[in-house]
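Please look over the sequence and the structure before reading on.

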Amino acid sequence: MTFKKSIFFTFVSKVSVSVLGLLMVVLISRNLGAEGRGHLSLFVSSIALVQLFADFGNSSAIINLSYKVNQRKLWLSSLIWISGICLLSFGVFLFLRHLPYYFLIPFAAFLFSAINLNQMLLMGNQEVRKRNLSLLIQPISLLILFIGLFFYGDFGINSYPIALTFALIISFTISLFLVKKYLQNNGERFTFEPLVLKQGLLVQGAQAVQFFNYRLNFFLIAFLINDAALGLYSNAIVICESIWILGHSIGQIQHVKILNTSSEKEQVTLTTRLVYVNVAGTGAICVVLAFIPNSFWVLLFSKDFAQMSDLFIYLFPGVMAFSISNIYNHYFHAKSDFKRIFKYNLIGLLLGVVSALFLMPLYGIYGACMSWSLGLIISMVFYLLGFKKIISNIFEKN
């Protein structure tokens with residue numbers, strides 16, 4: 001598959017996933033309101049928090065390692081780590097029973113991480129279409145199961161966690177089927193692959209910082225304001241994250257392309273060109289969304305979400321900043337420069353947290369949006385400066 005076709009099909013699959021996810025958000029928001037949406041957001045954020053630690057042995061470095069290490073050995077080593085973390089987290093959640101559906105959180109986190117592991121191995125083998133197919137299974141299954149349980153059952157708000165669990169089981173089974181030919185036992189004795197953790201600590205350390213940059217405000221709003229405010233904020237963030245689909249699609253194919261390109265100049269030229277493409281596309285989407293009135297979001301979600309357009313004013317600067325840093329992030333990732341990624345994300349997180357603690361008490365949910373954008377802008381500045389330094393070094397050598 002050509003470079004442009006890979007980006008196109010990846011973009012289409014991610015857009016489809018985003019649309020399905022948005023349909024789920026609409027159904028929950030309209031039927032459960034902002035408070036119900038916030039309640040379930042806390043559940044999903046708790047799953048993501050467990051997955052964050054599980055992915056220290058299941059980071060995106062798997063894609064790079066799949067070129068160097070026996071893939072069955074890689075898969076088993078990662079799965080052992082994921083299982084251990086999720087079992088440990090189950091013991092922790094026994095003491096946190098006030099969290100919604102605490103007993104499902106570790107199991108759901110295990111399935112999410114295992115699915116992600118299978119999909120990364122598919123990407124490492126340049127099986128882009130199969131990976132894209134796998135992406136669609138979970139949201140399609142979740143939507144169908146949720147509609148069935150919520151509208152034709154007596155589960156109410158409990159329909160979502162039940163539907164999510166079964167959708168993840170279906171998705172894991174299919175992703176395993178798609179990747180199984182790369183997991184054949186070639187007679188080599190299994191030993192735990194230490195590179196899974198060695199590289200995972202660096203990669204996932206950076207992802208952990210980025211996770212908190214995106215999600216820390218979810219927990220702060222839940223505990224400092226209320227679930228209704230969290231529901232409004234989480235819907236606005238869902239829309240913002242859907243804008244990044246273009247950049248993530250470009251970045252993932254860029255990552256594989258760099259791994260298969262030996263010329264440093266070509267890698268830099270490709271990255272620079274893709275930054276402009278991503279900024280132009282992301283900017284166009286932001287402009288369109290900026291002209292959508294609050295009445296549309298009320299019609300789409302419910303009257304609880306009448307402030308959506310007002311929040312975007314403070315969120316869009318962060319969206320644009322990430323459209324730049326995202327492409328540079330994929331460049332550094334493909335070059336295995338994980339320490340640089342960790343450092344830049346950490347700087348953004350620290351300044352974002354400091355600003356959140358200052359701005360949220362003053363401006364409430366608007367302060368949360370301001371601090372979210374500020375953290376992403378600071379990270380972007382350091383990514384830009386770091387990449388410029390790389391360019392200077394490359395052209396000095398030549």
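Which hand does the crossing of helix 8 and helix 12 have? The crossing of these two helices is right-handed; a crossing counts as right-handed if the near helix is turned clockwise from the far one by less than a right angle, and as left-handed if anticlockwise.

This is a predicted model, in which local features need pLDDT of at least 70, side-chain atom pairs count only at pLDDT 80 or more, and totals for chains, interfaces and linings use all residues. Residues are numbered from 1 along each chain as its sequence is written, and side-chain values use heavy atoms, with hydrogens and water left out.

**Helix 8 and helix 12**

- Helix 8 covers residues 227–243 and helix 12 covers residues 308–334; helices are DSSP runs (H or I, at least four residues) numbered from the N terminus.
- Their axes come within 10 Å and cross at roughly 45 degrees, where axes are lines fitted to C-alpha atoms over the stretch in contact and angles run from 0 to 180 degrees between N-to-C directions.
- Helix 8 is therefore oblique to helix 12 (angles under 35 degrees count as roughly parallel, over 145 as roughly antiparallel, 65 to 115 as roughly perpendicular and the rest as oblique).
- On the helix 8 side, the contact (heavy atoms within 4.5 Å) includes Leu232, Tyr233 and Ile243, while Met308, Phe312 and Val319 are among the residues of helix 12 that take part.
- By class, this contact has 13 nonpolar, one polar and no charged residues (Ala, Val, Leu, Ile, Met, Phe, Trp, Tyr, Cys and Pro count as nonpolar, Asp, Glu, Lys and Arg as charged, and the others, Gly among them, as polar).

**Helix 4 and helix 5**

- The axes of helix 4 (residues 105–124) and helix 5 (residues 128–152) come within 8 Å and cross at roughly 160 degrees.
- That angle makes helix 4 roughly antiparallel to helix 5, and the crossing is left-handed.
- Phe112, Gln119, Leu122 and Met123 of helix 4 meet residues of helix 5 including Lys130, Arg131 and Leu135.
- The contact has five nonpolar, three polar and two charged residues.

**Two residues of helix 12**

- Asparagine 326 lies in helix 12 and is buried, with a relative accessible area of 4% (buried means under 20%, exposed over 50% and partly exposed in between, with a 1.4 Å probe and protein chains only).
- Apart from neighbours within four places in sequence, asparagine 326 is in contact with Gly247, His248 and Asn278.
- Alanine 334, also in helix 12, is buried at a relative accessible area of 9%.
- Lysine 257 is 77 residues from alanine 334 along the chain, and their C-alpha atoms are separated by 9.0 Å.
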